[in-house]
Amino acid sequence: VKTTVSVIKADVGSLPGHSRTHPKLLETAARMLKEAEGSIIIDSHVTHCGDDLELIMTHAKGEDNEEIHKLAWNVFIECARIAKEMKLYGAGQDLLADAFSGNVKGMGPGVAEMEFEERGSDPILVFMADKTEPGAWNYFLYRIFADPFSTSGLVIDPSMHDGFTFEVHDVIAKRKILFNTPEESYSLLAYIGAPSRYVIKCVRKRNGMIAASTSTQRLNLMAGRYVGKDDPVMVIRAQSGFPSVGEVIDPFRTPILVAGWMRGSHHGPFMPVGVCDANCTAFDGPPRVICLGFQVSDGKLIGPADMFDDPAFDRVRDRCCELSDVLRAHGPFEPHRLSLEEMEYTTLPGVEKQFENRWEDLPE
Ligand code: 13P
Ligand code: 13P
Ligand code: MG
Ligand code: MG
Ligand code: MG
Ligand code: MG
């Protein structure tokens, strides 16, 4: 039978403000998933990145399965109830619908899933971010699966030499397209270099084997109002025909800027941290990413290994702090603040509305 890895997440309340989930929510989620082990799911692991509650589950039911999505929804509803009792901040924030209707996609939670035939040994890496949007993965997925200066296996491993296929979603026009690398890498970059609109949904080997899967939900587009950032998740398979574990995580040593941070309205450096540091603090950030590594064995999750809890990532964290200083010095100015086009999905239009009648036309 095939194994499915489902990572489903939502922000259902945090403390203080948008900084971290409450241990009671983590305990409740872990208990509810444990109770479902052996019946609905095979194995589970619960963690958080900042204020986002992350459910990592394995099962044999395939992607987009109603029972699995319902289980995750029930966990979020129960955790939101507890969050409301404690008056946690943003209790129930990401739950945009009142009742479950078959699939959590479009209801607020973020979902990254992949179904695969287990290899003799199947390492996976689960990435979870806070204070940013799904396009944040674009740069890293390109470096991991298409950049030979990053992944040496693309050059020296015969099983990777053919390259990979990228599925890109246009989250504004709601359409998708496939690009094969290396031959179409410039075309791929023409789109994914604009990560607020073009988001890599998955990466496959040329034979169709799934290599990476991301959550592409854009909360504010779904809700039609500002409800924070999407805070995306991603699953990547490593080794034996895929990039090695080290090749997958090495690009995160480059401190790139992503959209999100304070009020979902600013560019900031994407800081890789261990789970112990996955709390958003300074200016509600900076945006964070954690990575948990597992071996999948007959559906069991062997692990986790906290991949960024490591001195090898100290220097990128220092550089992220330096970049934070440079950006924060801009205060309310671009390019720290997002472009006007992207600010449409924040609370800024509410301010502009107040001045609509005070503007006078200039003479021709
Ligand atoms: P090992 O010899 O330690 O298994 O390493 C092989 C490898 O692929 C390292 O990236
Ligand atoms: P979240 O999406 O993580 O809740 O962030 C919202 C926010 O406004 C942070 O300043
Ligand atoms: Mg929040
Ligand atoms: Mg277990
Ligand atoms: Mg969040
Ligand atoms: Mg959010």
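The model on screen is predicted.

**Stop 1: V326.** Select helix α8, residues 314-328, and pick out V326. V326 has 10 C-beta neighbours inside 10 Å, so it counts as exposed.

**Stop 2: helix α3.** Select residues 136-146. Here 11 of the 11 residues are buried, so helix α3 is largely enclosed by the rest of the structure. Among the buried residues are W137, R143 and F145.

**Stop 3: the core.** In soluble globular proteins, nonpolar side chains tend to be buried together. The largest nonpolar core has 93 residues. Select V12, L125, V126, V235 and C291, which touch the most other members. Stay on V12. Beyond its neighbours within four places in sequence, V12 is in contact with residues including L25, L53, F76 and L95.

**Stop 4: ligand 2.** Show the 15 residues that surround ligand 2. The closest are H18, G228, K229, R263 and D284. How does the shell around ligand 2 divide? Eight of its residues are charged, six polar and one nonpolar.

Stop 5: Select strand β14, residues 288-297, and strand β15, residues 300-306. The strands run antiparallel and are joined by five bridges. Q295 stands opposite I302 in β15. Two residues lie between the strands of this hairpin. End on D298, which takes a positive phi near 50°.

Methods: Residues are numbered from 1 along each chain as its sequence is written. Chains are lettered from A and ligands numbered from 1 in the order in which they are written. This is a predicted model: local features need pLDDT of at least 70, side-chain atom pairs count only at pLDDT 80 or more; totals for chains, interfaces and linings use all residues. A nonpolar core is a set of buried Ala, Val, Leu, Ile, Met, Phe, Trp, Tyr and Cys residues joined through C-beta atoms within 7 Å. A residue is buried if 20 or more other C-beta atoms lie within 10 Å of its own, exposed if 12 or fewer, and partly exposed in between; C-beta atoms are placed from the backbone. Two residues are in contact if their C-beta atoms, placed from the backbone, lie within 7 Å. A residue is near a molecule or strand if its C-beta atom, placed from the backbone, lies within 6 Å of it. Ala, Val, Leu, Ile, Met, Phe, Trp, Tyr, Cys and Pro count as nonpolar, Asp, Glu, Lys and Arg as charged, and the others, Gly among them, as polar. Helices (H or I, at least four residues) and strands (E, at least two) are DSSP runs, numbered from the N terminus. Two strands pair if DSSP finds at least two bridges between them.
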